[in-house]
Amino acid sequence: MNQVGHKVVEENWGRASPHPSVIDLNVGGQSFCTSVETLTKYPESKLAEWFNGPPKLPRDARGHYFLDRDGQHFGAVLEFLRSGRLPVRDIPQVHKESVYYNVQLLTKRLEETPELFGELVGRQKFLARVPHYKENIEVLIRIARSEAVASRRSTVVICVLRTEEDLASFDDALRMLRANKDSVVTFGPWNTGPSGADLLECVKKDIRSQGYTVDVQPHVGERKFLGRSNNFFHTMTFTWW
C-alpha cells in the first residue's frame with residue numbers, strides 16, 4: 001500500500017468510535033437497546049455529547065451505560081430519535097425529558113402540540129403578567145398548612161383585583177379583613193387580558209397539580225359591601241382528609 005493509502009487508513013482508524021455500534025442503556029433501572037447512530041442523531045443533544053468521543057457515562061454491573069434519570073418517558077425520546085414520531089400521551093412529561101436531554105427539535109415539536117401550546121403561549125404568558133403569582137401560590141399553601149392542625153379543612157381568602165381601579169375600590173375591604181385577622185392573599189392587578197375568573201382557574205390548577213384538594217367559592221363577608229363583592233373576594237378551602 002502506498003503512503004497515501006496508509007494515511008487514509010490511519011485517519012479512519014483514528015476516527016473510529018470508542019463505543020460499540022449497539023448500545024445497551026440503563027435509564028433509572030429501565031433497559032433500552034439502540035445504536036450509536038440513533039443516540040448521536042442531533043449533535044447539540046446531551047446524548048450526542050455523551051456518545052461522541054471517549055465514554056463519559058458510568059456502567060452498571062452488566063456493563064450497560066447508566067443514566068441516573070427516571071426512565072419512564074425515555075422510550076418516547078428514543079422513539080423520536082429513531083423515527084421522528086411524537087408521543088400521543090404524557091406530553092408534558094416527555095417535554096420535560098426532551099428539555100433535559102436537549103433534543104431541541106423534539107422540544108419544539110412538542111411545544112407546538114395543542115396541549116403545550118395553550119399552556120406555554122396562553123396561560124404561562126398571562127401568568128407572567130400577574131405580579132408575584134408564583135410567590136402568592138406558595139403563600140396560599142403555607143397559610144393553609146399552618147391552619148391545618150387538628151382540622152379537616154383550612155380556608156384562605158383570595159382577593160382578585162384585575163385593575164388599579166379595583167385595587168383602589170376595595171382597599172378598605174382588604175384592610176378590614178386583615179384587621180379581623182383573616183388570612184388574605186391578593187392577586188393583581190394585571191390590567192389587561194383574561195378575567196378574574198380565569199385567574200382563579202389558574203390558581204386552582206396550579207395548587208391541584210401539587211396534590212392538594214381545593215375548592216373556591218365567593219367569600220361571604222360580615223359587612224354588606226363585602227357581600228356584594230363576589231367578583232373580587234373568594235374563599236379557597238383546602239380539604240385534608
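The exercises below proceed from the whole chain to its sheets and then to its pocket.

The model is predicted: local features need pLDDT of at least 70, side-chain atom pairs count only at pLDDT 80 or more, and totals for chains, interfaces and linings use all residues. Residues are numbered from 1 along each chain as its sequence is written, and side-chain values use heavy atoms, with hydrogens and water left out.

**Exercise 1. The whole protein**

Task: State how many helices and strands the protein has, and what percentage of its residues is buried.

Solution. 
Step 1. Helices (H or I, at least four residues) and strands (E, at least two) are DSSP runs, numbered from the N terminus. The protein has twelve helices and seven strands.
Step 2. A residue is buried under 20% relative accessible area, exposed over 50%, and partly exposed in between (1.4 Å probe, protein chains only). Of the 241 residues in the protein, 41% are buried.
Step 3. Contact means heavy atoms within 4.5 Å. Among contacts with a separation of 6 or more, 63% join residues 24 or more positions apart.

**Exercise 2. The sheet of three strands**

Task: Give the order of the strands in the sheet of three, and identify the helix that lies across E1, E2 and E3.

Solution. 
Step 1. Strands of a sheet pair through backbone hydrogen bonds, either parallel or antiparallel. Two strands pair if DSSP finds at least two bridges between them.
Step 2. The open sheet has the order E2-E1-E3, with mixed pairing. Its edge strands are E2 (30–35) and E3 (65–67), each pairing on one side only.
Step 3. Strand E1 (residues 22–27) and E3 run parallel and are joined by three bridges. Asn26 has Phe66 in E3 as its bridge partner.
Step 4. Axes are lines fitted to C-alpha atoms, for helices over the stretch in contact, and angles run from 0 to 180 degrees between N-to-C directions. Helix H4 (residues 74–83) lies across E1, E2 and E3, at about 10° to E2.

**Exercise 3. The largest pocket**

Task: Find which helix gives the largest share of the lining of the largest pocket, and decide whether Glu115 and Arg123 are buried or partly exposed.

Solution. 
Step 1. On a 1 Å grid over the protein atoms alone, a pocket is an open set of points where a 1.4 Å probe fits, with protein on both sides within 12 Å along at least five of seven lines; lining residues have an atom within 4 Å of a point. The largest pocket holds about 250 Å³ of space.
Step 2. Its lining includes Pro92, Glu115, Arg123, Lys205 and Asp206. Helices H5 (91–101), H7 (114–127) and H11 (196–208) each give two or more residues to the lining. The largest share, six residues, comes from H7.
Step 3. Glu115 lies in H7 and is partly exposed, because its relative accessibility is 46%. Beyond its neighbours within four places in sequence, Glu115 is in contact with Ile91 and Pro92.
Step 4. Arg123 also lies in H7 and is buried, because its relative accessibility is 14%. Not counting residues up to four places away in sequence, Arg123 touches Gly118, Tyr133, Cys202, Lys205 and Asp206. The C-alpha atoms of Arg123 and Cys202 are separated by 7.8 Å, although the residues are 79 apart along the chain.

Key
Points joined across faces, edges and corners; volume = space filled by probe spheres on them.
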